[in-house]
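Please keep the sequence and the 3D view at hand while reading.

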Amino acid sequence: MIGTEILIALIKTVLVFLVVLTTVAYLVLAERRISAAIQNRIGPNRVGPFGLLQPIVDVVKLLLKEDIVPTAATKPIHALAPIISITVALSTFAVIPFGRSVELFGRRIDLVIAGDVNIGVLYLLALTSIGVYGITLSGWSSNNKYSLLGGLRSTAQMISYELSMGLSVLAVILIAGTLELPKIVEYQAGLNWFIFLQPVGFITFLVASFAETNRAPFDLPEAEPELVGGYHTEYSSFKFALFFLAEYAAMITASAVITTLYLGGWQVPYLEALGLSQGWETLIQVGAFALKVVFLLFFFIWVRWSVPRFRYDQLMNLGWKVMFPLAVVNLLVTALVVLAV
Amino acid sequence: MSIPPENKRYELTFWEKIYIPELVKGLKLTLDQLLAKKFTRQYPEERWTPPPSFRGRPVLAVEENGVERCVACGLCSRVCPALAIEVQAAETELEKERYPEFFEINMLRCIFCGFCEEVCPEEAIIMSDEYELAFSTREEALFGKDKLLMSVEKLRPRLNYLHSQY
């Protein structure tokens, strides 16, 4: 029995990895095409129809490049840093529920890799915090002052924004009364989504997610005009590809988390009223989850090409003087309301 | 020293300080551009046709009867600031008495200033509308008479433009 359990978990893991990695590849293409469109250009459209083979060509090119490690670098850590980044970005998916549990071959299968984790949210927050090590260590081990500055910025930024992120999640947990992500999704049945129950919390969480994933307007760790390339200046070939992958995977993770916590996860309002068979219902729910994630990914890209990068002091101001008090007040008000009801 | 009023810091209004309405404004702008018409020209498929005022590579005009207009006076070679033109004259039985036995423009040197066209007394050297000049060797960039001769008919728009100017 334990064998089949492991097999099922393995199949789910491989499937999720495949989907996430393909999404990353095409997310890069989407980013290039959308940024081009916003700048009134067309973007890469030569390799394959609509440029659909571009990601494959890019990856091959990256892997065929020479892998340069600076002589003065701390080599083991230099090699370890991208691995930390990518591991953290990918393993967050373990607790994200993609749909309701289904009956398959007479056995109940949860559409989540690790469904029974009763500290799902905690696991999520812990892992995303570890992500900062990848960036900081890469900056430090490169023995390059620009990389180091990028790494340091990332540390300060993540610590500042993690607080407001955690506090906004706390408000959600207070209402839902559970740390399990599938149950939080269950709670958001109908139009009971947390984006409507927690609009302020949603905004603080969204902004903090942007800061956590180092995306514009918070992409200070890799601010090209000031820091050359930031923490990955001294990386090339496969290690650089890993950082690249991790950045986009983190974007997908953040979108999935926002969807799960605030946009109702796989919930489709009033789907039960249609009276579909269970198979179709599950399919539509998984599709809805994917659609919400894709929309958020588009939003990430859209914001990157609209909003200019913050200055460092502005970033800190926003984090500590606006986001943090806002999240605290939001948490307090939520707590009072939960107590009163 | 007092700061002149126009250099004073711009005071943000309440709604601008909230920042989110301004963000939404910015997002709307980029969304409009996302859907707007694109400016990119898909080059090898869509080519640009230059207007007659365009100075492409210089060519030698050939009349309908197959005789080139050039009388090998050497003025173009003399005026060329980049020293790109080399002419060697020879005699001919025709009315014009002289013709260029050898005429070469080094396209690596040519700066497309159009002085040769301006100075030519016979309207023989003319800036064409051809702009695709890519070479893989230096020898390829030396354009001899075989590449320079072009019929007057093809150069008509440019000639008309020149006549309208001078």
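The largest cavity is lined by 27 residues, and those lying nearest its centre are Val88(A), Thr128(A), Glu212(A), Thr213(A) and Ala250(A). The structure is a predicted model.

**Cavities**

- Rolling a probe the size of a water molecule over the atoms shows where empty space is left.
- Three cavities of 30 Å³ or more are found when the whole structure is searched.
- The volume of the largest cavity is about 380 Å³.
- Its lining receives two or more residues from each of α3 (75–91), α4 (120–141), α5 (145–176), α8 and α10 of chain A.
- Helix α10(A) provides the largest share of that lining, with eight residues.
- By class, the lining of the largest cavity comprises 17 nonpolar, eight polar and two charged residues.
- The second largest cavity has a volume of about 90 Å³.
- It is lined by 15 residues, and Cys70(B), Cys73(B), Cys76(B), Cys120(B) and Ala124(B) are the closest to its centre.
- The lining of the second largest cavity consists of 13 nonpolar residues, one polar and one charged.

**Packed helices in chain A**

- Helix α8 (residues 199–212) and helix α10 (residues 237–262) of chain A pack with their axes 11 Å apart, at an angle of about 170 degrees.
- Because angles over 145 degrees count as roughly antiparallel, α8(A) is roughly antiparallel to α10(A).
- Among the contact residues are Phe202(A) and Phe205(A) of α8(A), together with Val257(A) and Ile258(A) of α10(A).
- The contact between α8(A) and α10(A) includes eight nonpolar and two polar residues, but no charged ones.

**Sheets in chain B**

- Strands of a sheet pair through backbone hydrogen bonds, either parallel or antiparallel.
- One open sheet of chain B has three strands in the order β4-β1-β6, with mixed pairing.
- Its edge strands are β4 (125–127) and β6 (149–151) of chain B, each of which pairs on one side only.
- Strand β1 (residues 58–62) of chain B runs antiparallel to β4(B), and three bridges join the two.
- Within β4(B), Ile126(B) is the residue that Val59(B) stands opposite.
- Helix α6 (residues 152–165) of chain B lies across β1, β4 and β6 of chain B, at about 80 degrees to β6(B).
- Seven bridges join β2(B) to strand β3 (residues 98–106) of chain B, and Val87(B) stands opposite Phe103(B) in β3(B).

How values were computed: Residues are numbered from 1 along each chain as its sequence is written. Chains are lettered from A and ligands numbered from 1 in the order in which they are written. This is a predicted model: local features need pLDDT of at least 70, side-chain atom pairs count only at pLDDT 80 or more; totals for chains, interfaces and linings use all residues. Side-chain values use heavy atoms; hydrogens and water are left out. Axes are lines fitted to C-alpha atoms, for helices over the stretch in contact, and angles run from 0 to 180 degrees between N-to-C directions. Helices (H or I, at least four residues) and strands (E, at least two) are DSSP runs, numbered from the N terminus. Angles under 35 degrees count as roughly parallel, over 145 as roughly antiparallel, 65 to 115 as roughly perpendicular and the rest as oblique. Contact means heavy atoms within 4.5 Å. Ala, Val, Leu, Ile, Met, Phe, Trp, Tyr, Cys and Pro count as nonpolar, Asp, Glu, Lys and Arg as charged, and the others, Gly among them, as polar. Two strands pair if DSSP finds at least two bridges between them. On a 1 Å grid over the protein atoms alone, a cavity is a set of points where a 1.4 Å probe fits but cannot get out, and a pocket is an open set with protein on both sides within 12 Å along at least five of seven lines; lining residues have an atom within 4 Å of a point. Grid points are joined across faces, edges and corners, and a volume is the space filled by probe spheres set on the points.
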